[in-house]
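Hi everyone, thanks for coming.

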Amino acid sequence: MGQTFDWFSERGINLVRSDSDREYAGHIKGIKNVQLVFLSASEIPRELSSGRLHFGVTGNDVIQEKLVHFNQLAKPISELGFGFADLIIAVPSFWVDVDTLDDFDAVSAQFRDKHGYRLRIATKYHRLLREFLMKAGVADYQIVDSQGATEGAVKNGLAEAIADITSTGDTLKANHLKILSDGLILKSQATLFKSVVADFSQEENQVANSLLKKLRAKN
Amino acid sequence: MTDLKDLSREAKRLAVVFEATGAQVVELDFLQISNVLLDLYGEDIRGRAFITNDPVYGEMMLRPDFTIPIVEQHMTNSLSPARYTYCGKVFRRQEEFPDRPREFLQVGYEIFDGANPEKADAEVFSLVNEALNGIPVRIATGDIGILMAAVRSLSTTETRKKALLRHIWRPHRFKTLLNQFSGLSSKPQPNQDLKDYNKLIDKFQTIGSRNIQEIKERLQQIKLESETDTIDPDEVKILDDILSLKDTCTVALSYLEKVSKKMPGIEKTLDNFAKRLEFLENNGISVDVLDFEGSYGRTSMEYYDGFVFGFYSETQKDLAPVATGGRYDALTERMGQGKKIPAVGAVLRPDLTLLLRENNRD
C-alpha cells in the first residue's frame with residue numbers, strides 16, 4: 001500500500017488514509033468527490049467488473065485469473081513498477097529428468113501409469129494454468145486448489161507440482177522446488193485498472209479525466 | 001428469441017427418427033459425479049462444464065454430454081447389444097465464446113453392437129442425414145482408426161508409438177513428438193552420464209509421491225530414446241500424407257489403398273472403410289461426393305477412435321456443428337474395466353436445426 005501511495009504522490013496525487021488507521025477508507029488531498037477504498041488485492045477484480053469501483057490497483061495476475069475476457073471489463077491504465085511476480089510452474093528439484101514442459105508432459109503420462117491417478121498441481125490460478133497447459137498440449141494432470149502456502153504443497157503430500165507466483169525464487173528453493181525452464185505462465189506487477197463497465201456521471205468523468213491527466217504528465 | 005414450443009416440436013421431430021428404430025429411450029440425471037468425466041477428459045473439462053459441490057459425493061457436474069454416462073450405465077448393467085436414444089439439455093460453460101448458449105438441447109443415438117460395426121456406422125450416419133433432411137449442410141467425415149493404425153505400424157519402438165497415440169487428439173503436441181522422433185527437431189538428450197544424475201539427485205531432498213525409482217526409469221528411457229534410430233522419413237511422409245488427405249470418400253479410399261502397399265498395417269482399417277462405404281451406398285448416401293479428411297475429428301472429439309463425422313451449416317460458417325458423431329470402441333473398454341463392446345453414436349442440436357430450417361424458409 002505504501003508503494004501505491006508513493007507512486008501516486010510522485011505524480012502529484014496525494015492519497016490520504018482516514019485518521020483512524022483501523023478504517024479501510026481514505027481520500028485524495030485537494031480533490032473532492034474521490035473516495036478511497038482499501039480491499040484485498042483479490043477482491044478488486046470483482047469490484048471493477050461489477051462497476052462498483054471506477055479505478056483499482058491490483059496485480060494483473062489476479063485480474064486475468066478472475067476475469068474472463070478481462071479487457072472488456074477492466075482496462076489497464078498504467079503499470080506501477082513494483083509487486084513484480086511471475087506465475088510459474090515448479091516441480092521438485094530432485095526431478096533431475098525434468099526441465100521443460102515436454103518433460104513434464106512425459107512425466108504426467110508416466111505418473112498416471114504408475115500411480116493410477118493424474119499428477120496433481122496445486123494452485124489458486126486454476127484458469128490461467130489450465131489454459132496454459134491446454135495450449136502446450138499437456139495431458140493427464142489435475143489441479144488441486146491451494147489458496148495459500150502453495151510452495152509447501154508438494155512437501156506436505158498434497159501435490160506433485162505447483163503453479164504459483166514467485167518474485168525471487170527463494171521460497172521455491174527453500175521448499176525444494178525448481179521452475180520449469182519454459183513454465184512461465186504470466187508476468188505480473190501492480191497495475192492501475194479502470195473499470196470498463198462502471199457508470200461515470202459527468203462529474204465523475206471530470207474527476208477521472210483530471211486524475212488521468214496528472215498520471216500522463218509524469219509518464 | 002426461439003419459441004420454446006417450436007424448439008420442442010423440432011426436438012421431437014428429430015427424436016422420432018431415432019425412436020423409430022426401436023431404440024430404448026433413456027433419461028439421465030442432470031448432476032453427474034465429476035471423477036468419471038475428469039478421468040476421461042482430463043482437467044480441460046473443468047473449463048467446459050458447470051461444477052457444483054455435494055456434501056456427500058463431492059464435486060459434481062451439470063451433465064456436459066449424454067454419451068459418457070450412457071456408456072457407463074451400459075457397461076455396468078449389460079453387455080448385450082443395445083440401441084439408445086435421448087433428448088435433453090446439456091450444460092456448457094462458455095469462456096471462449098460468451099455469446100454461445102450455456103444450456104441447449106441434444107438429441108442423440110448410440111449403438112452398442114459388435115456384430116457388424118461398419119453397418120452400425122452407416123446406420124448412425126444415415127439416420128442423422130435423414131433427420132437433417134431439408135437443411136442445407138456441409139458434411140465432413142474421417143476415420144481416426146486409420147490414423148491410429150498408421151501410427152501403430154511405424155517401424156519404431158512401442159514407447160514412441162504409445163507417446164504418439166496418447167496425443168493423437170492434440171495435433172500440436174503430436175507434431176512436436178513426431179518431429180523429435182524423426183530427427184526433424186532436437187529431442188531430449190541426457191546432458192550427463194546416468195551416474196552423474198544419481199549424484200545430482202542426492203543433492204536434493206526427495207519430496208512428493210514421485211519417487212527416485214521413477215526418475216531413474218525415465219532417465220533410462222531418455223537415454224534409450226537418444227540411442228534409438230530416427231523414424232524413417234518415408235514413413236513420416238506417409239503419415240503426413242494421410243493427415244493432409246482431403247478428398248471424396250471414394251477417391252480417398254483408392255488413394256489410401258495405394259498407400260497401404262507401403263504400409264500394410266493400415267490394410268484392415270481400409271477394409272472397414274470400404275465396407276462402411278458400401279453400407280452407406282446401400283442406404284442411399286452417395287459416397288462419390290461425400291468428403292473425407294484425414295485429420296478430421298482430431299480436435300474437440302476426444303474419445304472417437306474410428307469413423308467420425310460432422311454436419312455443418314452451409315450458410316452460417318461460424319455456427320457450431322449441427323450434428324457430430326463417431327465410433328468410440330476404446331471408451332467402452334476404458335469404462336468397462338476389462339469388458340468392452342464396439343459402439344458408435346451421434347448428437348444433434350435441435351436449436352441449430354430449427355434456426356437453419358427457419359433461415360432456409362425465409
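Predicted model: local features only at pLDDT ≥ 70, side-chain atom pairs only at ≥ 80, totals over all residues.

Let's begin in the middle of things, with the largest nonpolar core. This core has 79 residues, and the members that touch the most others are B:Val124, B:Val128, B:Ile146 and B:Leu348. Helix H4 of chain B, residues 117-131, gives the largest share, seven residues.

If we set aside the neighbours within four places in sequence, B:Val128 is in contact with B:Phe311, B:Ala323, B:Gly325, B:Ala346 and B:Leu348. As general background, nonpolar side chains tend to be buried together in soluble globular proteins.

Now to the domains themselves. Chain B is divided into domain 1, which covers 1-136 + 341-362, and domain 2, which covers 157-232. Taken over C-alpha atoms, the centres of these two domains of chain B are 39 Å apart.

Next, a pair of helices in chain B. Helix H11 runs over residues 249-262 and helix H12 over residues 267-282; their axes come within 10 Å and cross at roughly 160°. If you want to find the contact on the screen, look on H11(B) for B:Cys249, B:Leu253, B:Leu256, B:Glu257 and B:Ser260. On the H12(B) side, look for B:Glu267, B:Leu270, B:Phe273, B:Ala274 and B:Leu277.

Over to chain A. Its secondary structure comes to seven helices and eleven strands. Along the principal axes, the C-alpha atoms of chain A fill a box of roughly 65 × 30 × 30 Å. Chain A has 219 residues, and 38% of them are buried. If we take contacts in chain A between residues at least 6 apart in sequence, 64% join residues at least 24 apart.

How do the two chains meet? In all, 29 residues of chain B are in contact with 30 residues of chain A. On the side of chain B that touches chain A, helices H7 (171-181), H8 (194-202) and H9 (212-227) each supply at least two residues. Which of the helices gives the most to that side of chain B? That would be H9(B), with five residues.

I'll finish with two backbone details. Most residues other than glycine have a negative phi. A:Asp140 is not a glycine, yet its phi is positive, about 60°. You will find A:Asp140 in the loop between helix H5 (126-136) and strand E8 (141-145) of chain A. Is A:Asp140 exposed or partly exposed? A:Asp140 counts as partly exposed because it has 19 C-beta neighbours inside 10 Å.

The other one is B:Gln337, again a residue other than glycine with a positive phi, here near 45°. B:Gln337 sits in the loop between helix H13 (329-335) and strand E12 (343-348) of chain B. With 9 C-beta neighbours inside 10 Å, B:Gln337 counts as exposed.

That's my tour, and I'm happy to go back to any part of it.

Technical notes. Residues numbered from 1 in each chain as written. Chains lettered and ligands numbered in written order. Core = buried A, V, L, I, M, F, W, Y, C linked by C-beta atoms within 7 Å. Buried ≥ 20, exposed ≤ 12 C-beta atoms within 10 Å, placed from the backbone. Helix = DSSP H or I, 4+ residues; strand = E, 2+ residues; numbered from the N terminus. Contact = placed C-beta atoms within 7 Å. Axes fitted to C-alpha atoms, helices over the stretch in contact; angles between N-to-C directions. Domains from an automatic or database assignment.
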